[in-house]
Amino acid sequence: MLLELESTFKSHKESFNDNFRLRIHRSLSWLKKAEQDADLDSQFISLWIAFNAAYARELSEQRDRATFNEFLLRICLFDNEKTIYHLVWKKFPQYIRLLLDNPFVFQPFWDFHNGKIAEKEYLKLEIKERERFFSALENQKTERILDVMFGRLYTLRNQIIHGGATYNSRVNREQLRDGCNVLKLLIPAMLQIMMENHSEIDWGKPFYPVVNANNIT
């Protein structure tokens, strides 16, 4: 899949605007790195950076969640070949349920254990998210399934990036394995959709563009 994506990118990059070309180029570079990573921790980090390169616009955790939720909505909107749809409904059901059943990737679980919210509120939020998830399943709302799933993966990402997990720890192998399995299939599909619809929508300017220091006065 990666070779096909790289071939598509090389064949069409001259028709892409500079911002879009930079997004895809960066994301593909981290996907390639993920393929070379032998351990789950490094692989997950590389995959998340590839995802970040595809969607990110500005640095703000609250805004970041809103931005990637909007990105997921756009991806589903332009999923003309139903690639994401089939991945979610045919390939991912077991991974999605495993992530949903795993409290260690549910942020309110940690908010409760860190004394930010009461146990009653945590349990209420857990029930609410389950209801939202099963409603999405019943109505086959792919974007809502992705929202729930990436919410869990975002918590896992925070644990690793912010030093909340031990490298090669026994306690998070399950969620890391499931996360990598999901991202390895989803991110290439997302990049393909983006390239097929590069002129249909503004995918945004990367927060860190390439700047020539010689032009700074």
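How many residues does helix H3 have, and how far does H3 reach from its first C-alpha to its last? Helix H3 covers residues 40-55, has 16 residues and reaches 23 Å. That is close to the 22 Å expected at 1.5 Å a residue. The expected span is 1.5 Å times one less than the number of residues. Helices here are DSSP runs of H or I with at least four residues, numbered from the N terminus.

This is a predicted model, in which local features need pLDDT of at least 70, side-chain atom pairs count only at pLDDT 80 or more, and totals for chains, interfaces and linings use all residues. Residues are numbered from 1 along each chain as its sequence is written, and side-chain values use heavy atoms, without hydrogens and water.

Stay with H3. The helix is mostly covered, with 12 of its 16 residues buried (under 20% relative accessible area; exposed is over 50%, partly exposed in between; 1.4 Å probe, protein chains only). Among the buried residues are Phe 44, Leu 47, Trp 48 and Phe 51. Asp 39 caps the N-terminal end of H3. One of its side-chain oxygens lies 3.3 Å from the backbone nitrogen of Asp 41.

Next comes the partner helix. Two packed helices are described by the angle between their axes and the distance between the axes. H3 packs with helix H9 (residues 142-161) at about 120 degrees, and their axes are 11 Å apart. Axes are lines fitted to C-alpha atoms, for helices over the stretch in contact, and angles run from 0 to 180 degrees between N-to-C directions. H3 and H9 are therefore oblique to each other. Angles under 35 degrees count as roughly parallel, over 145 as roughly antiparallel, 65 to 115 as roughly perpendicular, and the rest as oblique.

Which residues meet? From H3 come Phe 44, Ile 45, Trp 48 and Phe 51. Their partners in H9 include Phe 150, Leu 153, Tyr 154 and Arg 157. Contact means heavy atoms within 4.5 Å.

H9 also holds Gln 159. Gln 159 is buried, at 13% relative accessible area. Leaving aside residues up to four places away in sequence, Gln 159 touches Phe 104, Trp 110, Gly 164 and Ala 165.

Finally, turn to a loop. Asn 17 lies between helix H1 (2-12) and helix H2 (18-36). Asn 17 counts as partly exposed, at 46% relative accessibility. Its side chain reaches the backbone nitrogen of Phe 20 at 2.7 Å. A polar atom of that side chain also lies 3.1 Å from the backbone nitrogen of Asn 19. Asp 202 is 185 residues from Asn 17 in sequence, but 10.0 Å away in space, C-alpha to C-alpha.

Notes
Helices (H or I, at least four residues) and strands (E, at least two) are DSSP runs, numbered from the N terminus. A polar contact is a pair of N or O atoms within 3.5 Å; within protein, one must be able to donate a hydrogen and the other to accept it, and residues adjacent in sequence count only if both atoms are side-chain atoms.
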